[in-house]
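Subject: Structure handover

Hello,

Here is the structure for your files, with notes on what turned up in it. The notes follow directly below.

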Amino acid sequence: MSWKLGVDIGGTFIDFCAFEAETNRICTLKVLTTPGAPGQELGTGIRLLQDRHGVDPASIDGFMHGTTVGINTIIQRKGAKLALVTNAGFEDVIELARLRMPQVYSLFCTRPEQLITRDMVFGIAGRMLSDGREETAPDLAALPGIVEAIRAKGADGIIVAMLHAYRDPAQEQAVKAELARLAPDLYAFASAEVWPVIREYERTTTAILNGYVHPRIAGYLDGLYATLDELGAPAQPLLTKSNGGLMQAEEGRTACVNMLLSGTASGVIGAAWLARQAGEDRILTLDIGGTSADLAVIIDGKPQFGTGEMIGDFPLHVPSVSVSSIGAGGGSIASVDGFGVLKVGPESAGSTPGPVCYGRGGTQPTITDAMAVMGILGHSAIAYGQLSMDVGAARAAIQPLADAMGRSIEATAEAIVEIAVSEMFVEVEKMAARYGIDMRDFTLVPFGGAGPLMGAFLAREIGCAKVMAPRRPGVVSALGGLVADLKSDFIRTVFEEVGSGAMPRLKRALAELEAEGEAWLRQGQGFDGPALSQVTADLRYAGQSFELETALDPAWIAGGNHAAIAAAFHARHEEVYEFNDPGTPVELINLRLVKIGQRPGLETPPAPLTEAGALPERLIEVWLDGAWREVPLFLREALEAGHRFAGPAIVAQEDTTFAIPAGFFARVDGHLNIMLEQEA
């Protein structure tokens, strides 16, 4: 047998999803992460898959891998110490940023400290004009003194970001080459080689994020290769990307920013695939792990994409699956502040020490502990038998909060869950406004270890018509790697008014992008299968400051049909803003191309439906809606396609627990998803 293995590393667990195509067999597993020895959990998981399911490492011919090492490095600010070399007079670009306050109406709001402090920014003479002509050559003679200062300050690497490098990167490359000669021990990245886009702030910050995580990612990949070699797994590892695609793992050493949101994006791709199987095409995904709750929207079966997603305190300007994240994971810590206000997150207990009820040394109460106190957890082993619930310890941890608030332990635990749900509610409202959608038309798909615990509670608050809990919700992000395609984004800043005079330049730009895309896919990825290209452009009306990404037909560019390009933008502007202005000239700022190598999909045929009723394992006591209630406990492995039951109920399984409050009716579909519908 040959196996394809999808792996996703989160803040608390590493998830495994193995697929054997000949029999359509899927095997899954979760293993606690080892922050002190990253990579060790990968070997542990593969050995457990071999022991429990007969997955021979030597038979793994596909290895798709997502990791949070990059994003966690930024959030925890544990990355490299960097220096920035830029044009003299522009040393304050990253400090000025876009002159926006993170919280406009807060009197106590402060801007985040930059990843490169002001004393680590160095300017040199030199100027490239906006049309790509060099006015003044860069002063390379100033670099020896700059390198000496950088060494004295203990920098690990250098970012080079020069004005208008998107037009011509020659000045950046000259500076980078001289730095490599003077300081070969310091790695360097030039902004235009990371993401060659107009606007110096966006280009510079993206390059900084790339350099900031580079040592941690490179070290992580070294450990990944060593582990696979040790286990005798022959597959060349692929990494999931922020845009929902895949790339060769080795590319991650330099294209670090492309994998910063790999885990969250992979979860959305996996959820979209599961939803399409079930015939659902308007989806709100809710991925809750140990650290965060990540929300995304899928419209007409397609995830939404964008640029400017926030990574901690900083915007990422490469294309990525649009995901909103808040610090409300299963390990998020609850506390009472000096004013007696109960708060939840964003600090997380992680996997070490983890929630108190895990019995691994945790002392601070978390959302998971609240669920244990409410009786939702603790009725079966979790995490594939690796953990058992210590409900008594969870009660003892929440007792001080209950005393401070003058409430019972159970009421305090429910309040912790309600606060977490309310924080998610706020994010959902923002997303609904951003996309102009009504959540009553959407199906909520909760996944991750804690997604099904809180998914139905959130659906009840926002009015989602349906909830769909996948058969294996704890490993959907790992599944996403198995069903993703090879994918990469390419961009050219054109900055032309749409008209007949711009078409020759657009043709050249598109030809260059196609050549880059083909080289990346065929030579860089070694892929010889079917491929497709998607072309879009960032367009705006003359005088506007920001653009709308608009889908284009490549034939319009090939045929010089500038009127069709303008018409597509007018329609897009009408769709987003409910008005357009056909009499105003249209400017094309960036031309974009997405190159996709289409990998073979998974085939999982539906099971026949049964007419028999679902039988609970037993009745249990659960605190719901302010009181103890006797509810049925179902075991997921005993539920068959066609089974129906009503809430309130609890469904326990090897990778998570599904909490179903009153007012929901459940049925199991042919793909063994539990589909909930709210009582009218």
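Setting aside residues up to four places away in sequence, Thr 657 touches Ile 376, Leu 377, Pro 452, Leu 453, Ile 650, Val 651 and Ala 652. Please keep in mind that this is a predicted model, and that every value below is computed.

**The chain as a whole**

The chain holds 16 helices and 35 strands. For 680 residues, a compact globule would have a radius of gyration near 26 Å, and the chain has 26 Å, which agrees. The C-alpha trace spans about 80 × 55 × 55 Å along its principal axes.

Of the 680 residues, 56% count as buried. Among contacts with a separation of 6 or more, 68% are between residues 24 or more positions apart. The accessible surface is about 26,900 Å², and carbon and sulfur atoms account for 51% of that surface. On the charge side, there are 54 positive and 83 negative side chains. The centres of these two sets lie 2 Å apart.

**Ile 462**

Ile 462 sits in helix α12, residues 451–462. Its relative accessible area is 11%, so Ile 462 is buried. Apart from neighbours within four places in sequence, Ile 462 is in contact with Leu 284, Phe 425, Val 428 and Met 439. One of these, Met 439, is 23 residues from Ile 462 in sequence. In space, the C-alpha atoms of Ile 462 and Met 439 are 6.8 Å apart.

**Aromatic pairs**

The count of aromatic pairs comes to five. Among them is Phe 490 with Trp 520, an edge-to-face pair with 6.5 Å centre to centre and 70° between the planes. Phe 490 lies in strand β25 (residues 486–497) and Trp 520 in helix α14 (residues 503–524), so the pair ties together parts that are 30 residues apart in sequence. Both partners are on the buried side of the cut-off: Phe 490 has a relative accessible area of 10%, and Trp 520 has a relative accessibility of 9%.

Pro 346 is part of strand β22, residues 342–348. Another runs from Gly 647 to Pro 648, with omega near 5°. Pro 648 is in the loop between β31 (644–646) and β32 (649–652).

Positive phi values also occur in residues other than glycine. Arg 199 has phi near 80° and is found in the loop between α6 (191–194) and α7 (200–231). With 22% relative accessibility, Arg 199 counts as partly exposed. Asp 300 has phi near 55° and lies in the loop between β14 (293–299) and β15 (302–303). Asp 300 is exposed, with a relative accessible area of 53%.

Regards

How values were computed. Residues are numbered from 1 along each chain as its sequence is written. Side-chain values use heavy atoms; hydrogens and water are left out. Helices (H or I, at least four residues) and strands (E, at least two) are DSSP runs, numbered from the N terminus. The radius of gyration is taken over C-alpha atoms; the globule rule is 2.2 Å times the number of residues to the power 0.38. Buried means under 20% relative accessible area, exposed over 50%, partly exposed in between (1.4 Å probe, protein chains only). Contact means heavy atoms within 4.5 Å. Accessible areas come from the Shrake-Rupley method with a 1.4 Å probe; for residues, only the protein chains shown count as cover. Lys and Arg count as positive and Asp and Glu as negative; His and the chain ends are not counted. The place of a charge is taken as NZ of Lys, CZ of Arg, CG of Asp or CD of Glu. Rings of Phe, Tyr and Trp (its six-membered ring) pair if their centres lie within 6.5 Å; planes under 30 degrees apart count as stacked, over 60 as edge-to-face and the rest as tilted.
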